[in-house]
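Subject: Structure handover

Hi,

Here is the structure I promised to pass on. My notes on its salt bridges follow below.

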Amino acid sequence: MVSWIKRHGKLIVCLVLFLTGCFCMWRIHSISGALISQQGAERWGDKEHSYAQVSAFFLQEAGISENAISGYRSQIQKSLEEASITGQGDAPKGTEKGRLWVDGYSAEGESLANRGGVSQSVDLIGVGGDFFLFHPQSMLSGYYFASDEAMKDRVVIDETLAWKLFGSPDVEGMNLTLGGKPCIVAGVYRTEEGREEDAAMGERAKVFIPLELLTELTGNSAITCYEILLPNPVSDFAKQLVLKNIAGVDLSSNTSNDIDLENMDIKVIDNTSRYSIKSLLGVIKNTGIRSMSRQNISYPYWENIARAKEDYCSYWLLGGALCFLPPLVLTGAYGVKRWRNRKWTVKRLWEFVLAKQEERVVKNWEKRQAEENNLTFSSLVVHEDEQEGSVKNTHSSLNIWRRWKRAGGSKNEKNDF
């Protein structure tokens with residue numbers, strides 16, 4: 001056993017490293033696949049329609065309004081029409097109302113939640129558009145409020161706040177106050193768990209409310225996060241469309257090296273491809289300077305979680321690459337050694353292939369002759385010998401076949417060769 005291990009030690013090490021590299025690749029897929037907020041394109045698109053989820057984050061001071069959102073929608077729709085991406089045929093089957101693209105947006109604030117004398121400081125997330133399509137929550141009770149509901153006092157609270165204020169997560173339809181304003185609990189969602197999730201969400205509960213209610217409670221209407229699902233027929237099409245119509249950056253006539261995107265008041269991210277090998281290699285390349293952004297943008301908790309997962313995935317990618325490297329090197333070295341010590345040449349290999357092909361043709365010819373003429377191939381040899389008057393040499397079947405082919409190869413000429 002020991003001697004066998006010594007003889008095959010390199011092979012065993014390479015196999016272990018290869019399997020470890022495969023595990024690293026699986027971890028990247030597992031980590032990215034658990035981020036529901038990054039998979040809007042997969043939920044919205046289908047096999048025939050490629051989509052991309054693009055997020056734009058703004059400085060708090062440079063936040064945009066709902067009027068600006070309306071302007072962006074018009075510009076984006078116009079750009080899609082110019083690219084001939086319009087009509088029902090361009091929308092995925094089964095999408096709500098046959099819409100070609102959707103968007104959602106959010107702003108943040110703080111307030112005090114109160115019920116029955118029990119108060120809790122909470123983070124408010126004012127949302128609009130199809131926000132919950134991008135960020136579906138695991139609901140313990142109730143439902144999401146819709147952006148077009150007439151009543152703007154519906155709120156969605158997390159289970160932590162539900163237990164602290166009500167002693168139960170089953171509190172749909174019950175009342176509480178936010179900043180002194182009466183509100184109704186539309187639903188309760190399950191709080192995300194994990195090291196990164198706890199760090200990103202902080203200690204205060206998160207409450208989703210209509211953007212109009214956030215403006216009424218805090219006076220803040222500056223939208224800092226805009227997300228959109230767009231058709232992406234070619235790589236980076238959706239991201240460039242957002243950069244052009246929202247950030248005012250046209251990469252079709254410029255390269256990213258010509259424009260200092262880090263000094264702008266907006267950060268645009270293609271969520272759909274952020275965990276691809278190419279993107280993760282960029283994260284590895286920027287290790288050490290990734291946190292030195294000159295943009296003073298405060299990301300929402302889901303984006304901070306996604307950025308932390310990016311770092312982890314880049315580490316797994318680096319580990320996988322290091323694991324795959326030795327097996328690849330040893331395999332290449334073995335291949336070079338075998339090539340140098342080979343006992344065959346390309347010419348001999350080609351001759352062998354031709355001989356096998358000719359042999360197959362001969363066999364097929366013999367079978368066809370026997371079927372068409374009811375005459376075996378051996379009788380043709382005897383017939384030729386009789387015509388010559390004597391049998392001087394015994395010809396092989398292959399030589400007779402070649403002469404027959406030179407004579408024309410038809411069954412009417414079988415007696416002429």
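**Salt bridges**

K309 is buried, at 14% relative accessibility (buried means under 20% relative accessible area, exposed over 50%, partly exposed in between, with a 1.4 Å probe and protein chains only). E196 is buried too, also at 14%. The side chains of K309 and E196 form a salt bridge, 3.1 Å from N to O (a side-chain nitrogen of Lys or Arg within 4 Å of a carboxyl oxygen of Asp or Glu). This pair joins helix 11 (residues 301–340) to helix 7, across 113 residues (helices, H or I of at least four residues, and strands, E of at least two, are DSSP runs numbered from the N terminus).

A note on the source: this is a predicted model, where local features need pLDDT of at least 70, side-chain atom pairs count only at pLDDT 80 or more, and totals for chains, interfaces and linings use all residues. Residues are numbered from 1 along each chain as its sequence is written, and side-chain values use heavy atoms, leaving out hydrogens and water.

The whole structure holds 13 salt bridges. One of them pairs R204 with D123, at 3.1 Å from N to O. R204 sits in the loop between helix 7 (195–201) and strand 8 (205–210) and D123 in strand 3 (residues 118–129), so the bridge ties together parts 81 residues apart in sequence. R204 is partly exposed, at 33%. D123 is buried, at 15%.

E216 is exposed, at 53%. K181 is partly exposed, at 24%.

Best wishes
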